[in-house]
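Please examine the sequence and the three-dimensional structure shown here before reading the report.

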Amino acid sequence: MNTVEIIFSPTGGTETVADIIGSRWSDHTEKIDLSDSKTDFSGCVIGREDRVLIAMPSFGGRAPAAAIERLKKIAGNGAKCTLVCVYGNRAYEDTLAEMEDAAKESGFLVVAAVAAVAEHSIMPQYAAGRPDASDRKQLEAFADRIADKTGAAVSIPGNRPYKKAGGAGLVPKPTTDCVKCGLCAKNCPVQAIDPASLAADSQKCIACMRCVKKCPRHARKVNSAMVSVAAMALKKVCSVRKENELFL
């Protein structure tokens with residue numbers, strides 16, 4: 001039995017959570033990177049006996065559209081899968097429901113789901129340092145419980161129809177420190193960055209912050225005033241620590 005992690009993790013938090021769970025099942029996991037816009041995912045075929053983890057961040061209570069579209073191209077072949085949505089301590093709302101529908105459409109048998117907290121990718125003061133030691137212990141316990149699950153999962157939360165997806169809003173831009181190395185454009189999951197100007201198309205950008213994370217000179221930023229306003233708006237809901245949840 002192989003362990004396969006199908007991951008969309010622009011800044012690494014989602015992958016960290018997935019690795020904590022996946023490492024309890026196997027010392028070696030195969031990874032399929034849904035953030036790679038150049039991969040032909042229709043060529044990805046999962047074995048029926050494989051144990052699969054599908055992990056994505058929650059953006060405004062929804063799964064990233066590009067990740068969902070790419071997941072639907074993978075042939076699940078009836079393999080058992082666990083869904084993992086990762087959010088920055090606000091709310092994940094319809095993310096798991098959307099992931100569940102896409103996974104089933106691809107032919108996976110959803111046996112469990114996890115909602116986990118990781119450091120907010122835009123406002124790192126929220127859920128700072130998470131997943132921490134307490135999270136790791138809890139996620140490992142979840143993994144052990146999931147390993148024994150055979151039937152389909154029940155009561156995965158979320159609404160259908162899903163909540164309306166919001167716009168990106170906070171679009172990173174190059175600063176004067178930019179040396180035009182092009183790593184931001186190369187690594188953008190949705191090819192929203194022009195390779196010549198390195199400006200992001202606000203209609204394509206999903207505010208995943210991967211370009212900010214990947215820039216070796218820290219030369220991409222979002223508008224600090226807008227971030228401050230957003231942080232104040234989220235302060236009440238994000239300041240109380242939320243715990244990881246398991247749905248079996």
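## Basis of the report

This is a predicted model, in which local features need pLDDT of at least 70, side-chain atom pairs count only at pLDDT 80 or more, and totals for chains, interfaces and linings use all residues. Residues are numbered from 1 along each chain as its sequence is written, and side-chain values use heavy atoms, with hydrogens and water left out.

## The sheet

Helices (H or I, at least four residues) and strands (E, at least two) are DSSP runs, numbered from the N terminus. Two strands are said to pair if DSSP finds at least two bridges between them. The model has an open sheet of 6 strands in the order β2-β1-β3-β4-β5-β8, and the pairing is mixed. Strands β2 (30-33) and β8 stand at the edges with a single partner strand each, so one side of each lacks a neighbour in the sheet. From one strand to the next, the twist averages 15°; axes are lines fitted to C-alpha atoms, for helices over the stretch in contact, and angles run from 0 to 180 degrees between N-to-C directions.

Is strand β4 largely enclosed or left open by the rest of the structure? Of the 8 residues of β4 (residues 80-87), 7 are buried, so the strand is largely enclosed. Here buried means under 20% relative accessible area, exposed means over 50%, and partly exposed lies in between (1.4 Å probe, protein chains only).

On one side, β4 pairs with strand β3 (residues 51-57) in the parallel sense over 7 bridges, and I54 stands opposite L83 in β4. The chain passes from β3 through helix α2 (residues 65-71) to β4 in a right-handed β-α-β crossover. A crossover is right-handed if, with the strands pointing away from the viewer, the path from the first strand over the helix to the second runs clockwise. Strand β5 (residues 109-117) also pairs with β4 in the parallel sense, over 8 bridges. In that pairing, V110 of β5 is the bridge partner of C81. A right-handed β-α-β unit is made by β4, helix α3 (residues 95-105) and β5.

## Helices across the sheet

Helix α3 lies across β3, β4, β5 and β8 and runs at about 150° to β4. Helix α4 (residues 133-147) lies across β3, β4, β5 and β8, at about 175° to β5. In α3, 8 of the 11 residues are buried, among them T95, L96 and A97. The elements that cover these buried residues include β3, α2, β4, β5 and β8 (245-247). Just after α3, G107 takes a positive phi of about 95°.

## Residue N89

N89 lies in the loop between β4 and α3 and is buried, with a relative accessible area of 2%. Contact means heavy atoms within 4.5 Å. Apart from neighbours within four places in sequence, the residues in contact with N89 include V117, A127, R130 and V240. A polar atom of the N89 side chain lies 3.0 Å from the backbone oxygen of V240. A polar contact is a pair of N or O atoms within 3.5 Å; within protein, one must be able to donate a hydrogen and the other to accept it, and residues adjacent in sequence count only if both atoms are side-chain atoms.

## Cysteines

How many disulfides does a search of the whole structure find? The search finds 0 disulfides, a disulfide being a pair of cysteine sulfur atoms within 2.5 Å. The sulfur of C205 is 6.5 Å from the closest cysteine sulfur, that of C211, which is too far for a bond. C215 is in no disulfide either, and its nearest cysteine sulfur, in C181, is 5.9 Å away.

## Backbone features

Most residues other than glycine have a negative phi, and most peptide bonds are trans.

A cis peptide bond with omega of about 5° joins R130 and P131, and P131 is found in the loop between β5 and α4. Another cis peptide bond, with omega of about 5°, joins R160 and P161. P161 is placed in the loop between α4 and β6 (173-174). I20, in helix α1 (residues 13-25), is in contact with P131, R136, L139 and E140, leaving aside neighbours within four places in sequence.
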